[in-house]
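User: Hi! Could you walk me through this model, one question at a time?

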Protein chains: 2
Amino acid sequence: MINLPQKVRLTEVGLRDGLQNESRFLSTADKITLIRMLAIAGIEEMEVTSFVNPSVVPALADAEQVMDGIRDLEIRRISLVANDRGYERALAARVDAITFVLSATDMHNRANVNRSQKDSIEMLERMAKRAHDDDIEIRLAISVAFGCPFEGNPGLSTILRLVETMVQRGFFRIGLCDTMGVANPQQVFDWTRAALTSFSDVEWELHFHDTYGRGLANILAGLQAGVSRFDASIGGLGGCPFAPGATGNVSTEDVVSMLDGMNLSTKVDINRLLEASDFVASKFARRLTSNLWQVRQSQCSA
Amino acid sequence: MINLPQKVRLTEVGLRDGLQNESRFLSTADKITLIRMLAIAGIEEMEVTSFVNPSVVPALADAEQVMDGIRDLEIRRISLVANDRGYERALAARVDAITFVLSATDMHNRANVNRSQKDSIEMLERMAKRAHDDDIEIRLAISVAFGCPFEGNPGLSTILRLVETMVQRGFFRIGLCDTMGVANPQQVFDWTRAALTSFSDVEWELHFHDTYGRGLANILAGLQAGVSRFDASIGGLGGCPFAPGATGNVSTEDVVSMLDGMNLSTKVDINRLLEASDFVASKFARRLTSNLWQVRQSQCSA
């Protein structure tokens, strides 16, 4: 269909964006088991944890232990970091890459990290320099890029200005995140196309939530705009604390299944992936939001 | 995004494809109320019932009464018809249009209507002539067009041959139906493009189930291929008796919501539509599969 990328690279974010929004604590041993299952399924890159304040995000309080338990795996280990203290911990734990989050709007930035957008930008400039010196890859996730619960649609020009600001500060791997799941495919196509055209040196990524069932349609639009890197979450884990009713990330199972059908290789084995889904479902003792997983469950019980 | 149709026309199929797959009987009065609510929301065309054997589809045993109860509405009333007896009943009830179903594969055709595909084609040829004489619009729904639970993927050439057969027999409004929900956007785009190119006189329609969460992505692909008519089902009602675990049609709420975001007019008022969803949910006493409805519910209870 028109020009789609030959190869698609997925970053699994269930262990981070997923778990941080789940009320139930997944034990360290279970996290390590899940990461191993995902690696066996062929996932090459994962946000495995966050180095953030354990009292704020208790679900990920075991970041160091998780990192220690997956030393032998041949995957790229990404962690989220929100400040200097987290950076020190991530550095000590020898992560391969760090995700930094910056909101597209000031109000969401304050709600999310208790800091003005301006202050976050200053901090991120400093972090980027350190990471460069320490030879750690950095990726920037621009939250609520397509719509904010407090300020509404930030507008394309705001996003492009923010990207320019961050490119000048050393960020060259940037994700536009639809934290609320409110983006539509036309918007995704137009905005992503503009971003790719204006900043062709940036490695672009897209991150969608499936709140309104548009996750896969938005990925399709992103593919058509030329993006080949997408975040996805096993089982559709996650949510958005500032968007009541918002579901989690688009599920890795549904993304892989659709891309398989389109003959776009992700190198992920869908059956192995579903074993990881079953493990997640058993630990959380609930139905996953992944459509593929739900169909398989019904077939098993039919 | 590339060339999208300016205007999209939705055919509501919840009362037919939806209810026929629901175990709970919706009373005649409730059906009429629902149709009225959908009409108030701006739905201009609906499959309001089926004139089929009540012992086979008890959910729609009240077809005549439903038609009698909506005489005053300014909507196009479509009903499904499966044989001569049904045709007589639909004619007597003064429907505006009839949906005839033909499966893309012989095995599904036998399972669905207990008749070989060849016999169905002969019958449909006869029906098309009668409908032409009686001045009733006909539309053909090709079931399992993108994938069959018994025979797998029928292949594009099979579909194009079948379309040619039916065009020769007087069908000029034809829908490709992804009864199983197994289509992917690439397939939808390629096949629909081929169908539109080969048969430019046909008024094309697409009908998607959301089994694997691809309903909206497939609609997007169909729009890009040049289709402007889509079926959708209020609340995502429905399922597929031969596909365990298959969810219902893509929900009208999610389709309208996405198209609104894309500035593609459907003339449907989303808030009025959600009132109809709430009515359905209250009558079936369960959560609807519509993503938009689910988000609104969570917000109301938060």
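**Overall fold of chain A**

Analyst: Happy to. A compact globule of 302 residues would have a radius of gyration near 19 Å, and chain A agrees with that, at 18 Å. Please keep in mind that this is a predicted model.

User: Thanks! What does the C-alpha trace of chain A span along its principal axes?

Analyst: Chain A holds 12 helices and eight strands. Along the principal axes, its C-alpha trace spans about 55 × 45 × 35 Å.

User: What percentage of the residues in chain A is buried?

Analyst: For the contacts in chain A with a separation of 6 or more, residues 24 or more positions apart account for 74%. As for burial, the share among the 302 residues of chain A is 52%.

**Single residues**

User: Is A:Gln224 buried or exposed?

Analyst: A:Gln224 sits in helix α9 (residues 215-225) of chain A. Its C-alpha atom is separated by 9.8 Å from that of A:Val188, 36 residues apart along the chain. A residue needs 20 or more other C-beta atoms within 10 Å to be buried. A:Gln224 has 24 C-beta neighbours inside 10 Å, so it counts as buried.

User: Where is A:Lys267, and how many other C-beta atoms lie within 10 Å of it?

Analyst: A:Lys267 is not a glycine, although it has a positive phi of about 65°. Its place is the loop between α10 (252-261) and α11 (270-284) of chain A. A:Lys267 is partly exposed, and the number of other C-beta atoms within 10 Å is 13.

User: How many residues of α10(B) are buried?

Analyst: Among the buried residues of α10(B) are B:Val255, B:Met258 and B:Leu259. Just after this helix, B:Asn263 takes a positive phi of about 60°. α10(B) is mostly covered, and of its 10 residues the number buried is eight.

User: Is α10(B) roughly parallel or roughly antiparallel to α11(B)?

Analyst: α10(B) and helix α11 (residues 270-284) of chain B have their axes 10 Å apart and pack at an angle of about 165°. Angles over 145 degrees fall in the antiparallel class. So α10(B) is, relative to α11(B), roughly antiparallel.

User: Which residues of α11(B) make the contact with α10(B)?

Analyst: α10(B) passes α11(B) in a left-handed crossing. By class, their contact has four nonpolar, three polar and two charged residues. α10(B) brings B:Thr252, B:Glu253, B:Val256, B:Ser257 and B:Asp260, while α11(B) brings B:Ile270, B:Leu273, B:Leu274 and B:Ser277.

**Where the chains meet**

User: Which element gives the largest share of the side of chain B that touches chain A?

Analyst: The contact takes 29 residues from chain B and 29 residues from chain A. On the side of chain B, the elements that give two or more residues are α8 (185-198), α9 (215-225), α10 (252-261) and α12 (291-301). The largest share is six residues, and it comes from α12(B).

User: How many residues on that side of chain B are charged?

Analyst: The side of chain B that touches chain A has 15 nonpolar and 12 polar residues. For the charged class on that side, the count is two.

Key
Residues are numbered from 1 along each chain as its sequence is written. Chains are lettered from A and ligands numbered from 1 in the order in which they are written. This is a predicted model: local features need pLDDT of at least 70, side-chain atom pairs count only at pLDDT 80 or more; totals for chains, interfaces and linings use all residues. Two residues are in contact if their C-beta atoms, placed from the backbone, lie within 7 Å. Helices (H or I, at least four residues) and strands (E, at least two) are DSSP runs, numbered from the N terminus. Ala, Val, Leu, Ile, Met, Phe, Trp, Tyr, Cys and Pro count as nonpolar, Asp, Glu, Lys and Arg as charged, and the others, Gly among them, as polar. Axes are lines fitted to C-alpha atoms, for helices over the stretch in contact, and angles run from 0 to 180 degrees between N-to-C directions. Angles under 35 degrees count as roughly parallel, over 145 as roughly antiparallel, 65 to 115 as roughly perpendicular and the rest as oblique. A crossing is left-handed if the near helix is turned anticlockwise from the far one by less than a right angle, and right-handed if clockwise. The radius of gyration is taken over C-alpha atoms; the globule rule is 2.2 Å times the number of residues to the power 0.38. A residue is buried if 20 or more other C-beta atoms lie within 10 Å of its own, exposed if 12 or fewer, and partly exposed in between; C-beta atoms are placed from the backbone.
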